[in-house]
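Hi everyone, thanks for coming. I'd like to walk you through a structure that may be new to you, so please have a look at it with me.

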Amino acid sequence: AGIFGILAAPFISRLLPLFPPVVTGTIILVIGISLMRVGINWAGGGLPTLTKVVDGVPGAFPNPNYGQLQGLGIALFVLMVILALIKWGSGFLANVSVLLGIIAGAVLASALGVMHFDKVATAPWAAIVTPFHFGMPKFHLVPIVTMCIVMIVVMIESLGMFLALGEITGKTDDRDALTRGLRADGVGTLLGGIFNTFPYTSFSQNVGLVSVTGVRSRWVT
């Protein structure tokens, strides 16, 4: 799928005329709305139902911790800290508002006994990621075609984000720049497959972060 993404990048970038602002804006909006569900579930304490194996049979059971006020309160606290820093902070503090909000939430969660560091304490200081840790890859037509379709969706999503980022930074995206960006997604996915992880994609959250912080320099990365 990563190799397919690298080869298909020039052809996907030719779809630029089909992506006026109303299309790219709608794509980013739909992505954002779909991601809100993830954040809400995290704030609620995980998924409303959990899959458990009982007598050797997997089944769905209600999550007893879902929707508790403690988790919702911590999430609200993090949100308020971030919004306060964006509103009344300046310079560096405003730019790292999201990071400081996460740190403040972590401190509060630790004080309430929700956040534990037992596994961190027992984890090794360093570990080497080895290629094909779970075994050599096996190639079958149906999974390959499925993953290639996923890569097309990923590249369409990335195309919209590249255009949105160009609007935010005041930089016009030409076909060559879009091709390079899409090809980077393909290379990342190829490396991800070698090093035991999933397809790589540009994150729309980061596009929003550029807009919120105003930091537009690639040197920051």
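Let's start with the largest pocket: α2 (21-44), α3 (69-88), α5 (97-111) and α9 (204-213) each give at least two residues to its lining. Please keep in mind that this is a predicted model. The space in this pocket comes to about 1600 Å³. Altogether 37 residues line the pocket, and G39, W42, A75, V78 and I82 are the ones nearest its centre. What classes of residue make up the lining? There are 25 nonpolar and 12 polar residues, with no charged ones.

Now let's step back to the whole chain. Its secondary structure amounts to 9 helices and 2 strands, and along the sequence the pattern reads α-α-β-β-α-α-α-α-α-α-α. If you put a box around the C-alpha atoms along the principal axes, that box is roughly 55 × 50 × 35 Å. The chain has 221 residues, and 24% of them count as buried. As for contacts between residues at least 6 apart in sequence, 63% of these link residues at least 24 apart.

On to the strands. β1 (residues 49-54) and β2 (residues 57-62) run antiparallel, joined by 6 bridges. The two make a hairpin with 2 residues between them, and D55 in the turn has a positive phi of about 55°. Across from V54 you will find V57 in β2.

Next, please find helix α8, residues 175-194. How far does α8 reach from its first C-alpha to its last? The answer is 29 Å for its 20 residues, close to the 28 Å expected at 1.5 Å a residue. Several of its residues are buried, among them L178, L182, D185 and T189. The cover over the buried residues of α8 includes α1 (2-13) and α7 (141-169). Just past the end of α8, N196 has a positive phi of about 70°.

Why does S158 count as buried? Its relative accessibility is 0%, and buried means under 20%, so S158 qualifies. Leaving aside residues up to four places away in sequence, S158 touches L182, D185, T201 and S202.

Terms used:
Residues numbered from 1 in each chain as written. Predicted model: local features only at pLDDT ≥ 70, side-chain atom pairs only at ≥ 80, totals over all residues. Heavy atoms only, no water. Pairing = 2+ DSSP bridges. Helix = DSSP H or I, 4+ residues; strand = E, 2+ residues; numbered from the N terminus. Expected span 1.5 Å × (residues − 1). Buried < 20%, exposed > 50% of the residue type's maximum accessible area, 1.4 Å probe, protein only. Contact = heavy atoms within 4.5 Å. 1 Å grid on protein atoms, 1.4 Å probe; cavity = no way out; pocket = protein on both sides within 12 Å on 5 of 7 lines; lining within 4 Å. Points joined across faces, edges and corners; volume = space filled by probe spheres on them. Nonpolar A, V, L, I, M, F, W, Y, C, P; charged D, E, K, R; others polar.
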